[in-house]
Protein chains: 2
Amino acid sequence: MEQSSKKSDATAPQAIHHELRTAENSAAYLLRKLETAKQSNPKLALLDVGAGSGTISVTLAKAIPEGRVVASDVKQDILVRAQAIAESEGIKNIEFQQADVYKLPFADGSFDVTHCHQVLCHLKAPSDALREMIRVTKPGGLVAVREGDLETECIWPEAPGLLKFHNMAANFMQLSGGSPKAGRQLLSWVLNAGVRRDQITMTFGTWYYNSEDEKRTWAQAMSELVRGGRMRGVALDAKLATEDELEEMARDWDEWWAKEDASLAMMQGEVVIQL
Amino acid sequence: MEQSSKKSDATAPQAIHHELRTAENSAAYLLRKLETAKQSNPKLALLDVGAGSGTISVTLAKAIPEGRVVASDVKQDILVRAQAIAESEGIKNIEFQQADVYKLPFADGSFDVTHCHQVLCHLKAPSDALREMIRVTKPGGLVAVREGDLETECIWPEAPGLLKFHNMAANFMQLSGGSPKAGRQLLSWVLNAGVRRDQITMTFGTWYYNSEDEKRTWAQAMSELVRGGRMRGVALDAKLATEDELEEMARDWDEWWAKEDASLAMMQGEVVIQL
C-alpha cells in the first residue's frame with residue numbers, strides 16, 4: 001500500500017484513466033469550432049491549460065496540423081509524461097511549459113484559442129482562472145472549457161460501497177477547494193469573469209464507461225485509490241470514511257466492473273466564449 | 001386552476017415542451033445508424049412507440065424519405081395532434097396507429113427499426129415492452145431506445161423550491177410505476193429482455209435548456225403543473241407536498257428562468273440493439 005501511494009502522478013491509476021481522454025471524446029464541442037476557425041486561419045495558436053498527461057493536447061495538435069499547441073500544467077513532472085506521449089505519436093507542433101493558471105506566463109492576446117478540461121472544478125477561484133485565460137487570448141479568439149459535474153455521476157448496478165465512494169469523492173473535492181457541481185456552475189463562473197451572455201455558447205456532454213476494458217481500468221484505479229492511494233490518507237485524516245468503509249468501497253469496485261449490466265456515466269458542462 | 005387541469009394532453013404545458021423534441025436533438029444516436037441502414041435499404045419501415053405529439057416521428061420520417069414511419073401511442077387523442085403536426089410539415093410517409101406497447105398490433109418482424117423515447121421510464125415492466133418491440137422487428141433490424149435519468153437532473157442556480165420539485169417529481173414517477181433512474185438502468189432492462197451484450201451499443205446523451213425561450217417555456221410549464229396541472233392533485237393526495245410547498249415550487253420556477261446564469265440539464269441513456 002505504501003508503495004502505491006508513493007507512485008508518481010504520471011503512473012498513478014488516475015493518470016492512466018486520464019490518458020483515455022482525447023479531443024474526440026472530451027472536446028468534440030471545441031473541435032467543431034476549430035474546423036470553422038481553421039478556414040480563416042490555419043496557423044492557430046492554441047493554449048491547453050492544465051493539460052496533465054496531454055492526451056487531449058496531442059489530439060488537438062493533430063486537429064490543427066498547421067497550427068501549434070502549448071500544453072501547460074502546474075506540475076512539471078506530468079509534462080514530462082505528456083512530452084513522451086507527444087513524441088511517441090510523432091506530434092511536432094506542440095510544446096510544453098510549466099504554468100500556474102492564475103498567473104499564465106504569456107503576454108496578453110498570445111493565443112487564438114485557450115482551452116481547459118476538468119481544471120476549474122478543482123480551483124478555489126475559477127472565475128479568476130477564467131479571467132487569466134481570457135487575458136492571454138486574442139480579441140476575436142475562443143476560450144473553451146469543459147468541467148464535469150460529479151453530482152450527476154451515476155453508477156449501475158448500485159452497491160452501498162459505491163454510493164459511499166461517490167459521497168466521499170464529492171466531499172474530498174470540496175475539502176480541497178473544488179466543486180462537485182462544476183458542470184452546472186460553469187456558466188455562472190464565466191459570467192462572473194465579466195463575459196457577456198451573448199458571447200457564450202453553453203452545451204452539456206457526457207463521459208461514460210461501459211466496455212469491459214474501460215470499466216476494469218476505472219474500477220481498479222478507484223479500488224487502488226482507497227486501498228493505498230493518496231485519497232486514503234486524506235479520507236482517514238479528515239474522517240470522511242473509516243478503514244472498514246474504505247475496504248467496503250474497494251470491494252464493491254472490485255465486484256462492479258465485471259457485471260454485464262455495469263455502466264458509469266457523468267454529465268459535463270461545456271462553454272465556448274467568443275471574444 | 002381547475003380549468004388548466006382539464007386541458008387535454010395535447011395542449012398541456014408538458015406537451016408544448018415535448019414538441020421541442022426532434023430526431024436531431026433527441027435521437028442523434030439513431031440517425032447515425034439510419035444513415036448506414038439506408039445505404040442497403042432506402043425503404044426502411046420504422047415504428048415509433050409512444051410517439052406522443054410525434055415531433056420525433058415526423059423528423060425520423062424526414063430522415064428516411066423513401067421509407068415509412070408508423071407512429072403509435074396508447075392515447076388516441078395525442079395522435080390527432082401528431083397527425084396535425086405531420087400535415088402542417090407536409091410529411092406524407094407517416095401513419096398513426098393507437099397501440100399498447102405491451103401488445104403491439106403488428107405481426108412478428110414487421111419493421112426494420114423500432115424506436116421509443118422516454119417511454120420505458122414510465123413503465124412497470126420495461127423488459128416486457130422491450131421484448132414486444134423486439135418481436136415486431138425483423139431479424140437484422142434495429143431497436144433503439146433513449147430514456148432520461150431524472151436523478152441526474154441539475155438545475156442552476158439552486159433554490160429550495162426547485163430541489164423540492166425535483167424530489168417530488170422523482171417520487172411521483174415512482175408512485176406511477178416508473179423509474180427516475182431509467183437512463184442508468186436501461187442496459188440491465190435490455191439484457192433482461194434476453195438480448196446478448198454483444199448486440200448492444202450503449203451511449204449516454206444529454207437534454208438541456210439554456211436559451212431564454214427554452215427556459216421560460218419549461219419553467220412556465222412546471223409552474224403551471226404544480227399550481228393547477230394534474231401533478232398538483234396527485235401530489236396533494238399522496239402527501240408528496242403541501243399546498244405551501246407547491247406554491248414555493250411554482251414561485252421558484254417563476255424566478256428561475258430569467259436569471260442569466262440559469263441552466264437545466266439531464267443525462268439520457270441510449271441503446272441500439274442489433275437483432
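## Salt bridges and basis of the model

Over all chains, the count comes to 32 salt bridges, each defined as a side-chain nitrogen of Lys or Arg within 4 Å of a carboxyl oxygen of Asp or Glu. The model is predicted, so local features need pLDDT of at least 70 and side-chain atom pairs count only at pLDDT 80 or more, whereas totals for chains, interfaces and linings use all residues. Residues are numbered from 1 along each chain as its sequence is written, chains are lettered from A and ligands numbered from 1 in the order in which they are written, and side-chain values use heavy atoms, with hydrogens and water left out.

One of these salt bridges joins A:K138 to A:D112, with the closest N and O atoms 3.2 Å apart. A:K138 belongs to strand β5 (residues 137-156) of chain A and A:D112 to strand β4 (residues 111-117) of chain A, so the pair ties together parts that are 26 residues apart in sequence.

## Fold of chain A

Chain A contains 12 helices and 7 strands; helices (H or I, at least four residues) and strands (E, at least two) are DSSP runs, numbered from the N terminus. The radius of gyration of chain A is 19 Å, close to the 19 Å that the globule rule gives for 275 residues, so chain A is as compact as a globular protein of that length. The radius is taken over C-alpha atoms, and the globule rule is 2.2 Å times the number of residues to the power 0.38. The C-alpha trace of chain A spans about 55 × 40 × 35 Å along its principal axes.

## Backbone features

The peptide bond from A:W156 to A:P157 is cis, with omega near -5°, and A:P157 is placed in the loop between β5 and α8 (160-175) of chain A. In chain B, the bond from B:W156 to B:P157 is cis, with omega near -5°; B:P157 lies in the loop between β5 and α8 (160-175) of that chain.

A:Q118 has a phi near 55°, a positive value in a residue other than glycine. This residue is found in the loop between β4 and α7 (126-135) of chain A.

## Interface of chains B and A

In chain B, 27 residues are in contact (heavy atoms within 4.5 Å) with 27 residues of chain A. The area buried between the chains is about 2500 Å², of which carbon and sulfur atoms give 62%; buried area is the accessible area (1.4 Å probe) that two parts lose on being put together, summed over both. On the chain B side, B:W156, B:R184 and B:F204 lose the most area to chain A, together 23% of what that side buries.

The rule finds 2 salt bridges across this interface. B:E158 forms a salt bridge with A:K181, the closest N and O atoms being 2.5 Å apart. The side of chain B that touches chain A draws at least two residues from each of β5 (137-156), α9 (182-192), β6 (200-209) and β7 (263-274) of chain B. Its largest share, 6 residues, comes from β6(B).

## Symmetry of the two copies

A rotation of 180° with 0.0 Å of shift along its axis superposes chain B on chain A (RMSD 0.0 Å), by least squares on the C-alpha atoms of residues with pLDDT of at least 70 in both. The two copies are thus related as by a two-fold rotation axis. In chain B, the C-alpha nearest the axis is that of B:T152, 2.4 Å from it.

Of the interface residues of chain B, 100% are also interface residues in chain A, so the copies meet through the same surface.
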